[in-house]
Amino acid sequence: MENVRVLIVDDSPVNLQVAAGLLEPYHMAVDLAASGAEAIELAKKNFYDLVMLDHMMPEMDGVETAERLRALPDYGRVPIVALTANATNTARKMFLENGFDDFLAKPINLLQLDLLLKKWVGSRLSDPVAVAAARYERRRRIALLQSFA
């Protein structure tokens, strides 16, 4: 749903586009930031319901970015999810101790993404299967009507 706003932060343009593409079926408003500094500036201007944050970025890493986000008004309780290739139990503990609420391993697993989104934005989330089914049904009906024209 467009009423759910997500900020994706990653220094890799390819990772940003992949993550945004994976979120597209959920019909959320998605903003992209290529650095921690850009993420902070966007968060000052917009409220996000969820932040997905790469933890290994140059200049300002994900831990520092999460700390700075937490210091902003209204961001104390916003879920911040680490995007990481380091999905060990030790890394998970480090993320949780440093301001992150959860983590998602890269490459992103669609089932894990779906579970994570349901956990953090829940009932406001568009179900991509239901959306796809509704589109299919709409196309089927239009084709049926056109066949009688």
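A: Asp 74 lies in the loop between helix H3 (62-71) and strand E4 (80-84); helices (H or I, at least four residues) and strands (E, at least two) are DSSP runs, numbered from the N terminus. The model is predicted, so local features need pLDDT of at least 70 and side-chain atom pairs count only at pLDDT 80 or more, while totals for chains, interfaces and linings use all residues. Residues are numbered from 1 along each chain as its sequence is written, and side-chain values use heavy atoms, with hydrogens and water left out.

The phi of Asp 74 is near 75°, a positive value in a residue other than glycine. Most residues other than glycine have a negative phi, and most peptide bonds are trans. Asp 74 is exposed, at 61% relative accessible area (buried is under 20%, exposed over 50%, partly exposed in between, with a 1.4 Å probe and protein chains only).

His 27 also has a positive phi, about 55°, and is not a glycine. His 27 sits in the loop between helix H1 (13-23) and strand E2 (29-33). With 24% relative accessibility, His 27 counts as partly exposed.

The peptide bond from Lys 106 to Pro 107 is cis, with omega near 0°. Pro 107 belongs to the loop between strand E5 (102-105) and helix H5 (110-121).

Asp 102 is found in strand E5 and is buried, at 9% relative accessibility. The Asp 102 side chain makes a polar contact of 3.2 Å with the side chain of Lys 119 (a pair of N or O atoms within 3.5 Å; within protein, one must be able to donate a hydrogen and the other to accept it, and residues adjacent in sequence count only if both atoms are side-chain atoms). Leaving aside residues up to four places away in sequence, Asp 102 touches several residues, including Ile 80, Val 81, Leu 116 and Trp 120 (contact means heavy atoms within 4.5 Å).

Now the sheet. It is open and has 5 strands in the order E2-E1-E3-E4-E5, with parallel pairing (two strands pair if DSSP finds at least two bridges between them). E2 and E5 are the edge strands, each pairing on one side only. Neighbouring strands are turned by 20° against each other on average, direction ignored (axes are lines fitted to C-alpha atoms, for helices over the stretch in contact, and angles run from 0 to 180 degrees between N-to-C directions). Strand E3 (residues 50-54) runs parallel to E4 and is joined to it by 4 bridges. Asp 54 stands opposite Leu 83 in E4. Helix H2 (residues 36-45) packs on the sheet, touching E1 (5-9) and E2, and its direction makes about 140° with that of E2.
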